[in-house]
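Subject: Structure handover

Hello,

Please find the structure below. My notes on what was found in it follow.

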Amino acid sequence: MSTNEEILELAKDRRLPETHLKRWLALDDASRDAILETARTLKLRTGQLVVTIEELDEISVREQTTPAEILARDSLRRIIENAGSAPGRARAFVDKLNAVRFPMLRQTSDDLAAAVAALKLPRGVSVVLPKALSSDELAVALKFRTMAELERMLAVLDASRPALGRILDKLGGK
Amino acid sequence: MKFDLDEIMIDLESRGSALAERVAAACGDATPIRYVEDARAAALPRASDRDPFGAAKRRMLIMRRRSPFLMACPAGSSKFACCGYLVLTLASNCPMDCSYCFLQEYVADNPAFQLFSNYSDAFDELDRMLYASPARSFRVGTGELADSLAFDSITAISRDLIEFFAARPRLTLEFKSKTAEIDNLLTIDPRGRVMVSWTLSPDAVFRSSEHRTAAPSERIAAARRVLDAGYRVAFHFDPIIAYEAAERDYSTLIDELLDTIPPARISFVSMGGLRMTPSLRAAARRRHPSDPMLCGEDVLAPDGRLRAFTPLRLRLYRALADKFKAAGAEVPAYLCMEPASVHQRVFGTAPARPSVLGEQLARGAEANSQ
């Protein structure tokens, strides 16, 4: 069976959208092979395969490289070749690929998450960052059963004003 | 600037119009001319073309416009703090081919490069608007659904527009362009009523994404020439693309601009981050698959558009705003298609209402020209 036939078979099995199949088949030989090997080894589900094809394409355009070269990077190879369950490695692989696709977003998100963790807020109080940092809005959620709990939470938040202000500033690009 | 046309189509109702005559005379035998009965059908994309949108850019269609010429800017929304810009649609689509252009989605269903032969009807609409709002000033532009000047060497529409606007103190005309097509402008005195604005991008974006446009340095040089000829000038940093070296490159671009145009002579600058609906992005990626500028760190924003994630986008806005501030002159500035909270974060003040900002930009420009 040729590589293309194997890709067609896998695509049929996963019900891969036609557009993504075309993009996959249009790649250079090494990249087609590398994605096929990754998809098989990690047993990528349809959504994971779609994201893999899309993100590899976009990374390769931005970095002027090929999907095969991206998949050969140590950080990704380690996950692909690691021991452990295929679903777990698949999730880790997609997450790592996303970090390569969005390096500045990942770094900023990590910094902000660390700043939120450093607030050491009590149970019941959570500071929620906007999904994918897509807005400049911070949400605070409070879960309480008594007025005394609420007052304690508000006092903690009040004491956290300067740190919350810094988080808001960072969210606003400062 | 010369653009290749595959054909010129003229609808039967526009045959003999001043615009059709001018275009036919300017093009001579170089481009075949065909008369069409059904202009709407002629404007449709052709399935036989490998790239229907791109091919349609090379088919000029001279036709009558049935809809009003004057409309509110299509980018306007209650979600955003807007600039009160009014759009005069004298043409639709554009011979240039920027990979990020919203027209790839906006006029995908009727992509032929349309010029409207009855454009002088727009003057009646403008006069009616002035009559209905006797105390207001308006900024009206022709560069939303087309480049204002791309084909001006053969259409000469700019001359009629300048003569009309020059006689109306409460109107400010804005030509918006990515060309250096200013020869007609240099032959007329705009009497301070006409502004020419350029979209400016760093060289990296120009080379990667702005096909068939004039180079940024040519746009800046053209701005200097029209400024010297009595026009106001403004600049749109829109779209700002958040690629890796963006902050450095936009800073270099602003240095080049301010070396040529004194900040006090700039009527305003606008800024807007790259934003694309998912379907526009899909169309853009399909037509320009190897443009890295379309592969930035864009995420789905609350307004349903893909934008650079917020801290990155706002950092760039602030860097540009600070750069102008550091130049020592207050250049009026606004953000396009951003909510009020973003204005507040970037400029430190809440944005004015669209009608107020529109008047400020028109009047501020007036003051700058004196």
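In which sense do strand β11 (residues 194–199) and strand β13 (residues 232–240) of chain B pair, and over how many bridges? They pair in the parallel sense, over 5 bridges. Strands here are DSSP runs of E with at least two residues, helices are runs of H or I with at least four residues, and both are numbered from the N terminus. Two strands count as paired if DSSP finds at least two bridges between them. Within this pair, B:Ser197 stands opposite B:Ala234.

Before the rest, some conventions. The model is predicted, with local features needing pLDDT of at least 70 and side-chain atom pairs counting only at pLDDT 80 or more, while totals for chains, interfaces and linings use all residues. Residues are numbered from 1 along each chain as its sequence is written, and chains are lettered from A and ligands numbered from 1 in the order in which they are written.

The sheet in chain B

β11 and β13 belong to an open sheet of 8 strands with mixed pairing, in the order β4-β5-β9-β10-β11-β13-β14-β18. β4 (70–72) and β18 (333–335) of chain B are at the edges with a single partner strand each, so one side of each has no neighbour in the sheet. On average, neighbouring strands are turned by 25° against each other, direction ignored. Helix α5 (residues 121–132) of chain B packs on this sheet and touches β4, β5, β9 and β10 of chain B. Contact means C-beta atoms, placed from the backbone, within 7 Å.

The cores

A nonpolar core is a set of buried Ala, Val, Leu, Ile, Met, Phe, Trp, Tyr and Cys residues joined through C-beta atoms within 7 Å. Buried means that 20 or more other C-beta atoms lie within 10 Å of a residue's own. The largest core has 119 residues, and B:Leu61, B:Ile62, B:Val226, B:Val233 and B:Val269 have the most contacts inside it. Helix α12 (residues 310–326) of chain B gives the most to this core, 6 residues. Another core, of 21 residues, lies apart from it and includes A:Ala39, A:Leu42, A:Ile53 and A:Ile79.

Chain A

Chain A has 10 helices and 2 strands. Of its 174 residues, 24% count as buried. Its C-alpha atoms fill a box of roughly 70 × 35 × 30 Å along the principal axes. After helix α1 of chain A comes A:Arg15, whose phi is positive, near 55°.

Regards

How values were computed:
A residue is buried if 20 or more other C-beta atoms lie within 10 Å of its own, exposed if 12 or fewer, and partly exposed in between; C-beta atoms are placed from the backbone. Axes are lines fitted to C-alpha atoms, for helices over the stretch in contact, and angles run from 0 to 180 degrees between N-to-C directions. Two residues are in contact if their C-beta atoms, placed from the backbone, lie within 7 Å.
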